[in-house]
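This report sets out the structural features of a single protein model. Please consult the sequence and the structure displayed here while reading.

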Amino acid sequence: MTTTMMPKPRLDKQQIAVANIKLLLDASHSKKKDLAEYMGKVPQSLSKMLQNKQTWFFEDMCTAAEFFGVGIETLVRTDLTPLKAEQILKTAAPSKGNGGQVVAGHGFEPWTSGL
């Protein structure tokens, strides 16, 4: 008898990241238009991206993470909740894109840690 293993359902990283970007927007009280401007996008384009109607490029994800002052790994966390997003934002490093607010950060930057 042969046992067939069903593959685990694959989580769509873009959908997870978009959901987390929306959480971070809400938690930081940032406006979509400010994120769009920071990313060099027109608001309509960002709106389509946030509806998963337009593909995000890696550079877009990196820029969005930078806007919030978080690492890109924060955008693909599967356990992010509104409360966790607020906590992350409270401990964040200031970002250029947030009007001087202190926003999300993780305190670990592998390119400076010698890893």
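**Overall architecture**

The model is predicted. The protein contains seven helices and zero strands, and along the sequence the order of elements reads α-α-α-α-α-α-α. Of its 115 residues, 36% count as buried. The accessible surface amounts to about 7900 Å², and carbon and sulfur atoms contribute 57% of that area. Among contacts with a sequence separation of 6 or more, 59% are made by residues 24 or more positions apart.

**The pair H1 and H6**

Two packed helices are described by the angle between their axes and the distance between the axes. Helix H1, residues 13–28, packs with helix H6, residues 82–90, at an angle of about 65°, and the two axes lie 9 Å apart. The crossing of H1 and H6 is right-handed. On the H1 side, the contact is formed by Leu23, Leu24, Ala27 and Ser28; on the H6 side, the partners are Pro82, Ala85, Glu86 and Leu89. By class, the residues of this contact comprise six nonpolar, one polar and one charged.

Leu80 is located in the loop between helix H5 (72–75) and H6. Leaving aside residues up to four places away in sequence, Leu80 touches Asn20, Leu23, Thr74, Ala85 and Ile88. Two of these, Leu23 and Ala85, also take part in the contact of H1 with H6. As for Asn20, 60 residues separate it from Leu80 in sequence, while the C-alpha to C-alpha distance between them is 6.8 Å.

**The buried face of H2**

Helix H2 spans residues 32–39, and its residues Leu35, Ala36 and Met39 are buried. Viewed down the axis of H2, the buried residues fall within an arc of 100°, so they line one face of the helix. An α-helix has 3.6 residues a turn, so residues three or four places apart point the same way. The buried residues of H2 pack against H1, helix H3 (43–50) and helix H4 (58–68). The face turned away from the buried side carries Lys33 and Glu37, which are exposed.

**Residues with positive phi**

Most residues other than glycine have a negative phi, and most peptide bonds are trans. Against this background, two residues that are not glycine call for comment. The phi of His29 is near 60°, a positive value, and Asn52 has a positive phi of about 60°. His29 is placed in the loop between H1 and H2, whereas Asn52 lies in the loop between H3 and H4. Their accessibility is listed in the table.

| Residue | Relative accessible area | Class |
|---|---|---|
| His29 | 69% | exposed |
| Asn52 | 34% | partly exposed |

**Summary**

Conventions. Residues are numbered from 1 along each chain as its sequence is written. This is a predicted model: local features need pLDDT of at least 70, side-chain atom pairs count only at pLDDT 80 or more; totals for chains, interfaces and linings use all residues. Side-chain values use heavy atoms; hydrogens and water are left out. Axes are lines fitted to C-alpha atoms, for helices over the stretch in contact, and angles run from 0 to 180 degrees between N-to-C directions. Helices (H or I, at least four residues) and strands (E, at least two) are DSSP runs, numbered from the N terminus. A crossing is left-handed if the near helix is turned anticlockwise from the far one by less than a right angle, and right-handed if clockwise. Contact means heavy atoms within 4.5 Å. Ala, Val, Leu, Ile, Met, Phe, Trp, Tyr, Cys and Pro count as nonpolar, Asp, Glu, Lys and Arg as charged, and the others, Gly among them, as polar. Buried means under 20% relative accessible area, exposed over 50%, partly exposed in between (1.4 Å probe, protein chains only). The arc is that of the directions from the helix axis to the C-beta atoms. Accessible areas come from the Shrake-Rupley method with a 1.4 Å probe; for residues, only the protein chains shown count as cover.
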